[in-house]
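The following note sets out points for a colleague reading the structure shown here. Each point is brief and may be checked against the coordinates.

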Amino acid sequence: MKMAPFLIFLILLLSSCGGLPAIKKPAYLSGEQHSDCPSPFLKKPLRLIHAIEMKMGKEPRGAVIGVTLADPATRFISCAILTAEGVVLFEAQAAPSLKVFRALPPFDSLDFAQNMIDDIKLIFFAPGGKMLAGGTLEDGTEICRYRDEGGNWIDVRAGIAEKIEINKYSSTGILKRQIKLDRTKGNIYQHIELTAQERFNYALTMTLLEMEPVESELLKEDAEGDVK
Amino acid sequence: MVKKYLLIIMIVFVLLLPGWARAADFEQLRSDAAKIKTLQALFVQKKQLKILSKPLISEGRFFYVAPDAIRWEYLKPLKSVVVFNKGEARRYLMSGGKMVEDKSGSVQAMSIVLGEISNWLGGKFNRNPSFQASLKKGVNVMITLVPVDKNMAGMMEKIEITIAKNTMAIKSVKIIESENAATIIDFRQVEINKAISGSLFQEIK
């Protein structure tokens with residue numbers, strides 16, 4: 001009970017922090033994941049192949065093929081970007097430290113590599129930090145709010161026109177990423193929309209081409225092996 | 001990136017020439033190449049990478065009209081088209097439900113290299129010192145190209161072309177990029193000197 005005033009203060013703080021939407025009906029406060037929280041995240045290791053359409057601002061910038069290997073238990077990620085012609089533009093692994101094996105322009109900056117890994121984690125992994133609040137928003141949608149190790153706020157919202165939204169805000173409450181997953185599709189990863197607010201805003205529309213389970217042991221071998 | 005695109009296109013373009021299929025030596029290839037007026041084929045491409053458990057399959061088609069019109073088109077899983085016509089190259093990608101031109105600076109470099117391909121089509125294979133070629137006969141005919149140019153060698157280890165001995169038609173091309181990466185292109189329905197519409201090499205809208 002001694003914590004109650006602090007938690008109320010925390011809710012008010014979260015509600016007033018920049019662009020973060022106010023949680024009107026806080027149902028629970030916890031440092032742990034709550035079972036009622038929307039959780040569109042991976043439960044087991046998967047390999048996913050998506051067609052990815054890219055936009056810079058509102059300008060279409062073509063499409064690429066994205067391959068992702070992700071293990072939620074170890075937070076291992078291996079990923080590659082290929083052109084329609086099969087040329088590998090980018091290949092990297094986070095296990096957990098980032099290793100870039102190939103990066104051709106325009107994917108050759110370290111910022112790009114880190115942002116891409118962060119985006120993949122945001123889409124497929126449950127937030128790594130603590131859950132700070134959960135409840136409903138003014139529009140009635142369910143929400144759980146987390147704060148990651150970097151101080152960013154991550155909102156996971158359900159009930160928005162059959163979509164699940166993952167919104168990432170900076171520590172000062174500026175919206176940095178908005179991810180929409182479509183619950184009406186047979187597979188939650190069938191159609192993913194990602195909007196990024198950066199120095200150069202970009203948007204990705206991902207359409208699932210293939211998905212298959214992966215043995216976690218294989219991912220360990222990848223992490224330990226010498227990938228070229 | 002551009003080099004990679006063009007390398008694959010160049011390799012496939014040269015390898016589709018019937019001269020490679022019919023001739024037992026490289027001198028014969030040169031004279032046979034000049035007989036090609038048009039060429040078209042379907043292809044299935046298998047991309048092998050360590051991150052993939054099974055190859056990523058792409059399908060497409062290829063067109064050439066002498067002396068310098070090329071269309072290299074992928075239909076699945078993503079649509080893309082490279083068109084080279086009258087010394088100018090354009091690349092298009094499907095985006096937002098329509099074909100969008102790739103406006104990156106890579107297109108300029110593409111023009112230069114595709115111009116080089118035109119030389120090859122004229123039978124001037126030995127003018128490009130980038131590869132060392134060897135030929136081996138067995139159940140099939142195998143042509144191996146090993147890059148000698150340092151920049152090229154950094155992009156691939158070798159290329160293996162398999163030609164069916166009975167029909168002397170190109171069966172497949174294997175581009176070995178590294179220990180963990182390879183591209184295999186299987187050709188079918190190769191047609192030589194059949195009429196091809198000029199509209200295939202026009203701007204795509």
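1. B:Val173 counts as buried because 24 C-beta neighbours lie inside 10 Å, and the cut-off for that class is 20 or more. The residue belongs to strand 10 of chain B, which covers residues 170–178.

2. On confidence, the model has ipTM 0.77 and pTM 0.81. For chain B the mean pLDDT is 75, with 65% of the residues reaching 70 or more. Residues 17–24 of chain B are a stretch in which pLDDT stays under 50, although the model gives this stretch 22 contacts beyond four places in sequence. Where pLDDT is low, predicted coordinates should not be read in detail.

3. The overall make-up of chain B may be stated next. Five helices and eleven strands are assigned to chain B. Of its 205 residues, 34% count as buried. When contacts in chain B between residues at least 6 apart in sequence are considered, 45% of them join residues at least 24 apart.

4. Which parts of chain B touch chain A? In total, 29 residues of chain B are in contact with 24 residues of chain A. On the chain B side, two or more residues each come from helix 1 (2–16), strand 1 (38–49), strand 2 (56–65), strand 5 (88–95) and strand 11 (181–192). Sorted by class, this side has 14 nonpolar, nine polar and six charged residues.

5. Leaving aside residues up to four places away in sequence, B:Pro77 touches A:Ala51, A:Ile65 and A:Leu209 in chain A, and B:Ser58 in its own chain. The C-alpha atoms of B:Pro77 and B:Ile57 are separated by 7.6 Å, while the residues are 20 apart along the chain. B:Pro77 is classed as partly exposed because 18 other C-beta atoms lie within 10 Å.

6. Strand 5 of chain B, one of the elements named in point 4, also takes part in a hairpin with strand 6 of chain B. Strand 6 covers residues 98–101, and four bridges join the two strands, which run antiparallel. The bridge partner of B:Ser95 in strand 6 is B:Lys98. Two residues lie between the strands, and B:Gly96 in the turn has a positive phi of about 65 degrees.

7. In chain A, the bond between A:Ala95 and A:Pro96 is cis, with omega about -5 degrees; A:Pro96 is in the loop between strand 5 (88–94) and strand 6 (98–103) of chain A. In chain B, B:Ala66 and B:Pro67 are joined by a cis bond with omega about 10 degrees; B:Pro67 is in the loop between strand 2 and strand 3 (69–76) of chain B.

8. Positive phi values also call for comment where the residue is not a glycine. A:Arg75 has phi of about 60 degrees and lies in the loop between strand 3 (59–71) and strand 4 (76–82) of chain A. With 15 other C-beta atoms within 10 Å, A:Arg75 is partly exposed. B:Gln189 has a positive phi near 50 degrees and is found in strand 11 of chain B. Is B:Gln189 buried or exposed? B:Gln189 is exposed, since 9 other C-beta atoms lie within 10 Å and 12 or fewer is the limit for that class.

9. The largest nonpolar core has 80 residues, among which A:Ile77, A:Cys79, A:Ala80, A:Leu82 and A:Ile120 touch the most other members. Beyond four places in sequence, A:Cys79 touches A:Gly66, A:Val67, A:Thr68, A:Ala92, A:Met116 and A:Ile120. Both A:Met116 and A:Ile120 are among the buried residues of helix 2 of chain A, together with A:Ala113, A:Lys121, A:Leu122, A:Ile123 and A:Phe124.

10. The geometry of helix 2 of chain A (residues 110–124) can be checked by its span. Its 15 residues, at 1.5 Å a residue, should span 21 Å, and the end C-alpha atoms are 21 Å apart, so the two values agree.

Note on methods: Residues are numbered from 1 along each chain as its sequence is written. Chains are lettered from A and ligands numbered from 1 in the order in which they are written. This is a predicted model: local features need pLDDT of at least 70, side-chain atom pairs count only at pLDDT 80 or more; totals for chains, interfaces and linings use all residues. Two residues are in contact if their C-beta atoms, placed from the backbone, lie within 7 Å. Ala, Val, Leu, Ile, Met, Phe, Trp, Tyr, Cys and Pro count as nonpolar, Asp, Glu, Lys and Arg as charged, and the others, Gly among them, as polar. A nonpolar core is a set of buried Ala, Val, Leu, Ile, Met, Phe, Trp, Tyr and Cys residues joined through C-beta atoms within 7 Å. Two strands pair if DSSP finds at least two bridges between them. pLDDT is the predictor's confidence in each residue, from 0 to 100. The expected span of a helix is 1.5 Å times one less than its number of residues.
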